[in-house]
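This report is meant for a reader meeting this structure for the first time. Please keep the sequence and the model in view while reading.

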Amino acid sequence: MTSSAQQYTVTAKNGVVVSIDKYASQVGVEILKQGGNAIDAAVATAFALAVTHPFAGNIGGGGFMLIKLQSGEEVAIDYREMAPEKATPEMFLKPDGTVDLDKSNYGYLVAGVPGTVKGLETAWKNYGKLPWKKLVEPAIALAEHGIYLNKYDAQELAKNQAHLVRYPESRKIFFKSATETYSSGDLWRQPDLAKTLKLIARRGAKTFYFGSIASKIAADFKKNNGILTKSDLKKYEVKIRQPLKGTFKNYEILGMPPPASGGVGVIELLNILEHVSLNTQEPLDPQNLHLLIEAMRYVYLDRTKFLGDPDFGQVPVAKLIVKSYGQVLAEQLNPDSATSSESLTQNISTFDENMETTHFSVADQYGNVVSNTFTLEEAFGSKAVVTGLGFLLNNEMHDFNINPQQANIRGGLGTNPNGIAPFKRMLSSMAPTMVLKDGKPILLTGSPGGRTIVNTVLQMILGTTIYNLSLEQTIQLPRLSHHWMPDVVYYEKNRWREEVLEALRQKGHTLTEVNFLGDAQSIWIDPLTGEFTGVSDDRRAGWAAGY
Ligand code: DON
């Protein structure tokens, strides 16, 4: 295989995998060719991404997998990280009550108990066909023999060098020396990770949660003043949840329930938009965009007020996604000008998350489909690689509201429902999503992008449904995102016509330019012919593979 390059689209009859990375998508398709189903391919793709895309692919983090089987069964696998037993609401505060930005971003304290290995094993145990080993072996080969770094990954490594080199194991793995980075096209090997993956292939997830890997993880945390213990690993549970269901016009929507906010966010937004009049001939009509922004404002306020781990308190999911509530909110939207977010409520606010996570979609010839988003939270997670094991830790703990006293400084994501508690899962924005027509999946999508994720997914759904665009055209649409607070509209650089932006400013919106929003690695399934079209988002790297 060569380095870099991107394959944006593929059409295929038998199966498709679309991910951010060529190697990973190809691994997934190989598994399909060997007779594996979409779940097998998803597991193998995820393990491959842990090797080839350490920016976000992982075995030291967590995520959410939405599955729809040919039989009609639908399942949401929650393998989100959980707080260690010794976690406390004040753990990231300095004596003066302000947030310790170093501890809440880097190193060991900020790592939640990883869920990925158990999550993938659970998916495979319940729904996979091929032997477990076969699904891990391609990742082992990629780690052992190496991959040719692509331009995107080389740039990201360089960008994150300052923090990665603080950790000797990360320095050893990600850089030629303390000062020399790997370049695009360099062969890059990860022998420690290959050894870890071999153990996982041989012994399954138990080695990670009970066995020798667990002991090494716990010892490394102890040495580095972390609080995560072997007992935390042992107690980690994957949660099998019911996907959230909604409808939009003649389509059905399947989304991820809390602790992901994706399902609630997407369905609540669609429920509002069902009750407003959008110009379906012109997706970029400023009036459409204004209404979208206003809907986002209300939905993100609700997210902040109400969402958190449902196993730790009442989360009013049903009330938020019921159609009548969408209508109530739709009636409140001001069609003429921007509402002030501050006027809606005061004293709670949020900060902006980062853009690093990764989504992939898989469809097989049997009619099974998978939509999976997983993450280390920020690029390369906490930046610390576990000694001798070759994998990065997540820094997911800062997805909690890490300042219980004051929820409106950087560090506050949500309010009490998302406060830190032992064994609790932190609220996520991830939104692996499926759109169905007459019960059959037609769109598999999702995205990275922190809080922008829900809005990217919304725009993917609008494009392929009411705007009647192809998947490729939908992905090309310029994106925007509003999160209630801060009260600004983020828009993508170089993708918008100035007069559209100006029309939004005229309505009273404050606009902020960002390089890009999201990375929606998606699949379209033609409802008539069943043919797959995989489209990789061109905002980063990406590869649509099929056969
Ligand atoms: O779970 C979440 O919502 C975040 N930890 C995801 C982080 C993210 O998407 C960053 N960006 N791409």
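The model is predicted, and the values below are computed from it.

**Nonpolar cores**

The largest nonpolar core has 92 residues, and those with the most contacts inside it are Phe47, Ile59, Ile67, Leu197, Phe208 and Ile217. Helix 2, which covers residues 38-52, supplies the largest share of this core with twelve residues. Another core, of 82 residues, lies apart from it and has Met256, Tyr298, Val315 and Met434 among its members. In soluble globular proteins, nonpolar side chains tend to be buried together. Isoleucine 67 touches, among others, Ile39, Val75, Ile77, Ala123 and Tyr127, and its contacts also include Glu73, Glu74 and Met434, when residues up to four places away in sequence are not counted.

**Aromatic rings**

The count of aromatic pairs comes to eleven. One of them joins tyrosine 108 and phenylalanine 221 in an edge-to-face arrangement, with 5.1 Å from centre to centre and 85° between the planes. This pair links distant parts of the chain, since tyrosine 108 sits in the loop between strand 4 (74-79) and helix 3 (116-127), whereas phenylalanine 221 belongs to helix 10 (residues 212-223), 113 residues apart. Tyrosine 108 is buried because its relative accessible area is 7%, and phenylalanine 221 likewise counts as buried because its relative accessibility is 1%. Elsewhere, ring pairs link Phe55, Tyr152, Phe174, Trp188 and Phe380 into a cluster. A charged residue is also placed over a ring, as lysine 118 lies over the face of tyrosine 209, at 5.1 Å from the ring centre.

Glutamate 492 is found in strand 15 (residues 489-492), and it counts as buried because its relative accessibility is 0%.

| Partner of the glutamate 492 side chain | Distance |
|---|---|
| Side chain of arginine 539 | 2.6 Å |

Beyond residues up to four places away in sequence, glutamate 492 touches Leu477, Pro478, Arg479, Val514, Asn515, Phe516, Leu517 and Arg539.

Serine 183, by contrast, is placed in the loop between helix 7 (168-174) and strand 6 (187-188), and it is partly exposed because its relative accessible area is 37%. Setting aside residues up to four places away in sequence, serine 183 touches Leu149 and Ala154. The C-alpha atoms of serine 183 and leucine 135 are separated by 29 Å, with the two residues 48 residues apart along the chain.

Technical notes
Residues numbered from 1 in each chain as written. Predicted model: local features only at pLDDT ≥ 70, side-chain atom pairs only at ≥ 80, totals over all residues. Heavy atoms only, no water. Helix = DSSP H or I, 4+ residues; strand = E, 2+ residues; numbered from the N terminus. Buried < 20%, exposed > 50% of the residue type's maximum accessible area, 1.4 Å probe, protein only. Polar contact = N/O pair within 3.5 Å; in protein donor to acceptor, adjacent residues only side chain to side chain. Contact = heavy atoms within 4.5 Å. Core = buried A, V, L, I, M, F, W, Y, C linked by side-chain atoms within 4.5 Å. Phe/Tyr/Trp six-rings, centres within 6.5 Å; stacked < 30°, edge-to-face > 60°. Lys NZ or Arg CZ within 6 Å of the ring centre and 35° of its normal.
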